Amino acid sequence: MRQHYLYIFLLAGLLILLCALCACGDTQEPIPVKPFVNTDAQDSSAPTNTDAAASPKGMILIDPGHGFDDPGCTAYDGSFTEAQITEAVGGLLQEELVSRGWNVELTHDGKHMPDAGLLHESARKMPLRNDINVNPQEWVCDNNLFSKYERVLYANARNQETPVTLFLSLHVNSVETSAQTVRGFEIDYYKEHPDAFAAHSFSEILGSILENTFHQKAKIFADNKKEAFVVTKYTDMPSVLLEMGYASNTEDAALLASAKFQMRLAQAIADAVDNIFK
């Protein structure tokens with residue numbers, strides 16, 4: 001009799017487990033990102049990009065913000081880091097643009113960064129400007145960080161080899177917990193850049209597409225010299241920085257962690273690229 005009750009108990013437990021699994025089928029899909037990689041600096045010379053076929057449309061250079069020893073900001077509940085999101089969306093955007101005929105590269109893949117020798121050579125060729133008070137050759141640090149200055153040097157080096165149509169830096173925003181209601185997209189470009197018109201045009205159409213797609217406000221900032229980000233100010237091509245949402249906001253964080261949102265975001269950005277740079 002005791003064995004009979006044991007069988008009934010096991011059967012009931014199995015039914016409960018099956019019901020729970022079925023219920024999970026309608027929950028939000030898990031975040032499809034690579035785990036944070038703490039790569040040794042000695043491996044930093046490994047190649048960053050695979051060779052891509054030349055495209056008559058041009059080259060798009062995607063810069064996933066942060067990475068390596070710099071995870072960036074963290075979701076309000078600690079469920080993801082900024083670097084994980086930027087690398088995930090960066091990879092999806094690369095695939096989407098390549099499928100549309102663009103030649104696309106990433107500044108890094110989360111595992112390897114450009115060789116320091118390449119960055120030093122790029123710094124040597126970079127003209128000294130009156131708003132740079134440090135020699136660009138001192139921007140290169142042989143460590144396990146890929147700094148904003150090194151990203152500029154790498155982008156300019158790639159531009160010397162193959163003209164870059166657009167440099168797009170991907171980021172995730174965050175504010176103090178007292179302002180968790182703040183959410184939405186933010187787009188920045190440097191209004192005094194020689195290619196400011198192209199960056200402005202792309203920002204405007206990107207903002208419009210994002211608002212129409214996600215029904216969320218997209219704020220556009222035409223930054224002056226003091227306000228501008230390093231990666232939009234010193235790069236030698238049209239450069240735009242996109243904040244994809246606020247990790248500190250519960251609604252934005254849920255979107256950022258969603259595979260569906262990441263894919264739709266990549267498609268929306270690709271639509272803007274096609275619209276402006278076709």
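Me: Which residue in β2 does Leu61 stand opposite?
Reply: Leu61 stands opposite Glu105 in β2. Helices (H or I, at least four residues) and strands (E, at least two) are DSSP runs, numbered from the N terminus. Before going further, please note that this is a predicted model, in which local features need pLDDT of at least 70 and side-chain atom pairs count only at pLDDT 80 or more, while totals for chains, interfaces and linings use all residues. Residues are numbered from 1 along each chain as its sequence is written, and side-chain values use heavy atoms, with hydrogens and water left out.

Me: How many bridges join β1 to β2, and in which sense do the strands run, parallel or antiparallel?
Reply: Strands of a sheet pair through backbone hydrogen bonds, either parallel or antiparallel. Here β1 and β2 run parallel and are joined by four bridges. Two strands are said to pair if DSSP finds at least two bridges between them. Strand β1 (residues 59-64) also pairs with strand β3 (residues 164-173), in the parallel sense over six bridges. Within β3, Leu166 is the residue opposite Ile60.

Me: In what order do the strands form the sheet?
Reply: The open sheet has six strands in the order β2-β1-β3-β6-β4-β5, with mixed pairing. Its edge strands, β2 (103-106) and β5 (218-223), each pair on one side only. From one strand to the next, the twist averages 20°.

Me: Which helices pack on the sheet?
Reply: Helix α2 (residues 82-99) packs on it, touching β1, β2, β3 and β6 (239-246), and the direction of α2 makes about 145° with that of β3. Helix α5 (residues 196-214) packs on the sheet as well, touching β3, β4 (185-190), β5 and β6, and the direction of α5 makes about 175° with that of β4. Axes are lines fitted to C-alpha atoms, for helices over the stretch in contact, and angles run from 0 to 180 degrees between N-to-C directions. Contact means heavy atoms within 4.5 Å.

Me: Which way do the side chains of β1 point, and are they buried or exposed?
Reply: In a regular strand the side chains alternate between the two faces of the sheet. Met59, Leu61 and Asp63 point one way from β1, Ile60, Ile62 and Pro64 point the other way, and all are buried. Buried means under 20% relative accessible area, exposed over 50%, and partly exposed in between (1.4 Å probe, protein chains only). Strand β2 is likewise covered on both faces, with Asn103 and Glu105 buried on one side and Val104 and Leu106 on the other. Of the 278 residues of the protein, 48% count as buried.

Me: Where do the axes of α3 and α4 come within 9 Å, and at what angle do they cross?
Reply: The axes of helix α3 (residues 116-125) and helix α4 (residues 148-161) come within 9 Å and cross at roughly 80°. That makes α3 roughly perpendicular to α4, since angles of 65 to 115 degrees count as roughly perpendicular, those under 35 as roughly parallel, those over 145 as roughly antiparallel and the rest as oblique. In this contact, Leu118, Leu119, Ser122, Ala123 and Lys125 of α3 meet Glu150, Leu153, Tyr154, Asn156, Ala157 and Gln160 of α4. These residues divide into six nonpolar, three polar and two charged. Ala, Val, Leu, Ile, Met, Phe, Trp, Tyr, Cys and Pro count as nonpolar, Asp, Glu, Lys and Arg as charged, and the others, Gly among them, as polar.

Me: Why does Gln160 count as partly exposed?
Reply: Gln160 is partly exposed because its relative accessible area is 43%. The C-alpha atoms of Gln160 and Asp236 are separated by 9.2 Å, although the two residues are 76 apart along the chain.

Me: What is the phi of His66?
Reply: Most residues other than glycine have a negative phi, and most peptide bonds are trans. His66 has a positive phi, near 65°, and lies in the loop between β1 and α2. Phe68 lies in that loop between β1 and α2, with a positive phi of about 60° although it is not a glycine. With a relative accessibility of 1%, Phe68 counts as buried.

Me: How many disulfides are counted?
Reply: A disulfide is a covalent bond between the sulfur atoms of two cysteines. The rule requires a pair of cysteine sulfur atoms within 2.5 Å, and the count comes to zero disulfides. Cys73 counts as buried at 16% relative accessibility, whereas Cys141 is partly exposed at 37%.
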